[in-house]
Amino acid sequence: MSKKKIGEVILDVRNISLRFGGVNALTDISFNVREHEIRAIIGPNGAGKSSMLNCINGVYTPSEGSITFRGQTFSHMNSRQVAEMGVARTFQNLALFKGMSVIDNLMAGRNLKIKSNLFLQALRIGPAAREEVQHRAFVERIIDFLEIQAHRKTPVGQLPYGLQKRVDLGRALAMEPQVLLLDEPMAGMNVEEKQDMCRFILDVNDEFGTTIVLIEHDMGVVMDISDRVVVLDYGKKIGDGTPDEVRQSEEVIRAYLGTGH
Ligand SMILES: Nc1ncnc2c1ncn2[C@@H]1O[C@H](COP(=O)(O)OP(=O)(O)OP(=O)(O)O)[C@@H](O)[C@H]1O
């Protein structure tokens with residue numbers, strides 16, 4: 001693990017519960033995330049991991065509890081407000097425009113940062129033209145960073161799955177987030193693609209200073225790259241600590257590590 005500096009609490013999840021009809025997807029979950037940290041959420045299928053991310057980024061409204069982001073507490077925010085506050089997300093089932101090129105997908109991810117109005121943008125005149133140049137330069141930086149220069153103009157749907165996941169990461173990075181939520185960034189990847197994705201996640205954390213919260217099933221990956229891990233089981237928190245602490249918890253071993261997930 002690098003000698004990076006972990007900072008203050010940037011995201012504080014307090015007593016979150018979420019119910020779907022009779023199903024308690026989350027029950028009284030509390031944990032925090034510190035600036036510059038890589039924080040993993042793990043747990044067996046149906047444990048509530050995606051529901052937790054959906055509460056953090058405003059897709060779901062928790063039945064109880066609150067989330068504090070950079071000192072501002074809210075019990076519900078919509079997804080756009082959360083994004084504007086600096087939280088970006090990738091999805092388990094990619095959120096890309098398959099028919100559009102890599103560069104256009106990244107520009108779409110940049111949309112939130114574009115200040116000029118649609119009319120000026122369409123005409124590409126005045127401040128809108130200057131702004132577009134700046135945004136394209138930033139997107140090109142991401143393309144170089146993620147080593148996808150050769151695919152800049154390729155429609156995303158034609159790329160292998162591993163590269164599509166990388167473009168999805170790029171789309172989220174185009175927002176220049178302070179906190180990046182990654183929902184199973186390595187799902188469906190082969191070993192080499194996983195190694196590449198691991199390297200990119202560590203580099204994003206290191207070079208951009210982005211705080212990362214990730215859900216991942218591959219335990220090797222989680223234990224290798226995370227600073228701290230939250231463990232969920234049936235919607236309850238059963239573990240929270242460094243990878244070593246979590247690895248040694250009997251409750252965690254019983255619920256998760258020992259079951260061959
Ligand atoms: N929109 C929904 N409507 C009803 N129940 C839901 C909904 N989303 C999730 N659930 C239920 O909430 C519980 C937690 O699901 P969730 O998808 O958050 O778990 P998970 O840990 O992300 O699972 P997986 O690893 O399989 O993705 C499950 O029992 C699931 O069936």
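Modeller: In helix α1, the buried residues are K49, S51, M52, L53, N54, C55 and I56. A residue counts as buried if 20 or more other C-beta atoms lie within 10 Å of its own, as exposed if 12 or fewer do, and as partly exposed in between, with C-beta atoms placed from the backbone. That makes α1 mostly covered, with 7 of its 8 residues buried. Helices (H or I, at least four residues) and strands (E, at least two) are DSSP runs, numbered from the N terminus.

Two points on reading the model come next. It is a predicted model, in which local features need pLDDT of at least 70 and side-chain atom pairs count only at pLDDT 80 or more, while totals for chains, interfaces and linings use all residues. Residue numbers start from 1 along each chain as its sequence is written.

Now the ligand. The residues around it are F20, V23, A25, G43, N45, G46, A47, G48, K49, S50 and S51. The largest share, 3 residues, comes from α1. By class, the shell holds 4 nonpolar, 6 polar and 1 charged residues. Here Ala, Val, Leu, Ile, Met, Phe, Trp, Tyr, Cys and Pro count as nonpolar, Asp, Glu, Lys and Arg as charged, and the others, Gly among them, as polar. K49 and S51 belong to the shell and are also buried. Just after α1, G58 takes a positive phi of about 80°.

Strand β7 has partners. With strand β6 (residues 87-90) it pairs in the parallel sense over 4 bridges, and R89 stands opposite L181. Two strands are said to pair if DSSP finds at least two bridges between them. With strand β8 (residues 211-215), β7 also runs parallel, joined by 5 bridges, and V213 stands opposite L181 there. Between β7 and β8 the chain passes through helix α7 (residues 191-208), and this β-α-β crossover is right-handed. Right-handed here means that, with the strands pointing away from the viewer, the path from the first strand over the helix to the second runs clockwise.

V204 is buried because 22 other C-beta atoms lie within 10 Å. Leaving aside residues up to four places away in sequence, V204 touches L173, L180, T210 and I212; residues are in contact if their C-beta atoms, placed from the backbone, lie within 7 Å. V204 and L169 are 35 residues apart along the chain, and their C-alpha atoms are separated by 9.9 Å.

The domain assignment gives domain 1 (1-86 + 177-261) and domain 2 (97-176), with bounds that come from an automatic or database domain assignment. Of domain 1, 11 residues are in contact with 11 residues of domain 2. On the domain 1 side, α2 (79-84) and α7 each give two or more residues, and the largest share, 4 residues, comes from α7. That side divides into 8 nonpolar, 1 polar and 2 charged residues.

E176 sits in the loop between α6 and β7. Its phi is near 50°, a positive value in a residue other than glycine. E176 counts as partly exposed because it has 15 C-beta neighbours inside 10 Å.

Of its 261 residues, 36% count as buried.

Notes
Near = placed C-beta within 6 Å. Contact = placed C-beta atoms within 7 Å.
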